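Reader: I'd like to go through this one label by label. Can you tell me what stands behind each word you use?

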Amino acid sequence: MGLRIQRGRRPVAGSFLQVPALQLHVSKTAMRASQKDFESALSQVKLLKDPGNEVKLKLYALYKQATEGPCNTPKPGVFDLINKAKWDAWNALGSLPKETARQNYVDLVSGLSSSSDSSSQVKPEADRKQRGYETLVVTSEDSITKIMMNRPAKKNAITTQMYNEIMLALKAASKDDSAITVLTGNGDYYSSGNDLSNFTDIPPEGIEEKAKSSAILLRDFVDCFIDFPKPLIAAVNGPAVGISVTILGLFDTVYASSRATFHTPFSHLGQSPEGCSSYTFPKIMGPAKAAEMLIFGKKLTAAEACAQGLVSEVFPDSTFQKEVWTRLKAYSKLPPNAMRISKQVIRNREKEKLHAINAEESRVLQERWLSDECTNAVMNFLTRKAKL
Ligand SMILES: CCCCC/C=C/C(=O)SCCNC(=O)CCNC(=O)[C@H](O)C(C)(C)COP(=O)(O)OP(=O)(O)OC[C@H]1O[C@@H](n2cnc3c(N)ncnc32)[C@H](O)[C@@H]1OP(=O)(O)O
């Protein structure tokens with residue numbers, strides 16, 4: 001889960017799935033918690049099982065109110081989702097007195113301790129399947145966090161909401177107890193890439209503003225992959241299009257079903273490469289092969305993608321799930337710190353460069369999205385005149 005309450009550190013809401021409607025916890029007792037009770041609750045909270053994002057937000061808000069008083073920091077920007085939710089939770093406590101916040105914090109931790117004692121024997125299903133995502137199914141089991149894109153009827157096309165949820169899921173996975181993280185798709189497609197209807201949601205400020213906010217979203221999304229600290233594996237269960245292909249260059253291992261295809265039809269769509277593919281693809285497969293994909297939109301079979309180094313291994317579609325998950329379960333038992341450090345050694349020296357490339361690709365695309373070529377291609381798809 002997103003936030004871990006770690007020994008020797010303040011309890012903070014680091015990452016969560018949804019901004020919950022904040023319910024103020026009213027003290028059950030009229031008794032005032034002493035500073036000692038509060039400090040003891042602070043120690044106790046570090047020993048608790050992950051209480052879930054909603055509770056972590058409440059703990060965060062009450063802690064801030066109890067120690068600093070009413071919210072006194074500037075509101076984070078709209079794209080800073082995590083800090084904004086934390087700020088909202090704290091701000092919602094208004095002028096609640098410090099002593100009451102302290103008491104409420106103590107009561108909340110005490111309630112959590114008793115429920116965690118009574119449930120410590122059984123691992124409920126809800127712990128494994130993380131709640132709060134609408135476009136994903138996220139599960140954590142056997143030291144593997146699996147993030148599954150879950151819009152099978154739309155070929156797992158990535159909506160704005162899905163971009164945001166994948167970012168939240170990655171941030172949570174980077175801090176949870178899992179050793180490895182896997183991205184996959186539900187249904188017959190891995191993903192058909194950017195949901196082209198994203199382009200129809202134009203704000204009152206106009207199309208330029210839409211292009212600008214989309215470029216920021218793209219940049220933030222790709223940054224999450226560049227910075228992901230643990231081994232990241234793609235289980236490409238079927239055809240992959242657009243951004244779902246380009247970001248594969250940022251994964252550590254890519255397994256593909258024999259049914260998968262890899263297609264980046266940017267010129268057809270009046271667009272240009274993203275996901276750092278303008279750098280990673282030539283590096284992986286050589287400039288000539290990369291150009292065929294990224295400029296001319298050549299679709300690769302799984303076997304071709306494997307021969308060109310984009311895919312690590314192809315499995316027959318009929319045994320794909322069984323073979324991939326058996327392999328991943330074995331990998332997840334390896335020492336997690338060693339795996340993380342090995343990834344850092346392999347990837348860290350490129351990080352700065354990748355961030356710069358991501359920024360540049362996003363800037364170029366921001367302009368492309370305003371072009372007639374792009375507008376016509378999107379309109380043709382949405383009016384059912386064109387398919388890839
Ligand atoms: C903000 C960050 C932007 C980052 C930049 C990203 C760039 C890219 O990712 S470019 C790639 C964009 N993707 C596409 O152009 C694919 C468009 N889709 C298709 O060409 C086809 O749907 C198909 C080849 C992927 C599948 O064809 P088919 O098997 O015939 O299935 P349908 O077309 O009937 O699809 C079922 C259902 O899903 C909807 N859908 C599929 N893909 C998308 C998509 N990318 N965007 C929006 N909607 C998509 C399709 O419209 C159908 O919907 P219904 O008609 O309502 O059933």
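Author: Happy to. Among contacts in the protein chain (heavy atoms within 4.5 Å) between residues at least 6 apart in sequence, 77% join residues at least 24 apart. This is a predicted model, where local features need pLDDT of at least 70, side-chain atom pairs count only at pLDDT 80 or more, and totals for chains, interfaces and linings use all residues. Residues are numbered from 1 along each chain as its sequence is written, and side-chain values use heavy atoms, with hydrogens and water left out.

Reader: What makes V138 count as buried?

Author: Buried means under 20% relative accessible area, exposed means over 50%, and partly exposed is in between (1.4 Å probe, protein chains only). V138 has 1% relative accessibility, so it is buried. V138 sits in strand β2, residues 136-141; helices (H or I, at least four residues) and strands (E, at least two) are DSSP runs, numbered from the N terminus.

Reader: How many helices and strands does the protein chain have, and what share of its residues is buried?

Author: The chain has 14 helices and ten strands, and 47% of its 388 residues are buried.

Reader: Which residues of helix α3 are buried, and what covers them?

Author: In α3 (residues 81-91), the buried ones are I82, A85, K86, W87, A89 and W90. Their cover includes α2 (53-68) and α6 (160-175).

Reader: What is the largest nonpolar core, and which members touch the most others?

Author: A nonpolar core is a set of buried Ala, Val, Leu, Ile, Met, Phe, Trp, Tyr and Cys residues joined through side-chain atoms within 4.5 Å. The largest has 62 residues, and F225, V236, F251 and F262 touch the most other members. Helix α7 gives the most to this core, nine residues. Another core lies apart from it, with 25 residues, including A33, V45, V55 and A66. In soluble globular proteins, nonpolar side chains tend to be buried together.

Reader: Why is I207 called partly exposed?

Author: I207 has 40% relative accessibility, so it counts as partly exposed. I207 is in helix α7, residues 207-227.

Reader: What makes I202, I207 and L370 a patch?

Author: Patches are made of residues with over 30% relative accessible area and no salt bridge; like charges are joined within 9 Å, nonpolar side chains (Val, Leu, Ile, Met, Phe, Trp, Tyr) within 5 Å. A salt bridge is a side-chain nitrogen of Lys or Arg within 4 Å of a carboxyl oxygen of Asp or Glu. I202, I207 and L370 form a nonpolar surface patch with about 230 Å² of accessible area together. Accessible areas come from the Shrake-Rupley method with a 1.4 Å probe, and for residues, only the protein chains shown count as cover.

Reader: Why is S244 called buried?

Author: Its relative accessible area is 3%, so S244 is buried. S244 belongs to helix α8, residues 243-246. Leaving out residues up to four places away in sequence, S244 touches Y190, S191 and G193.
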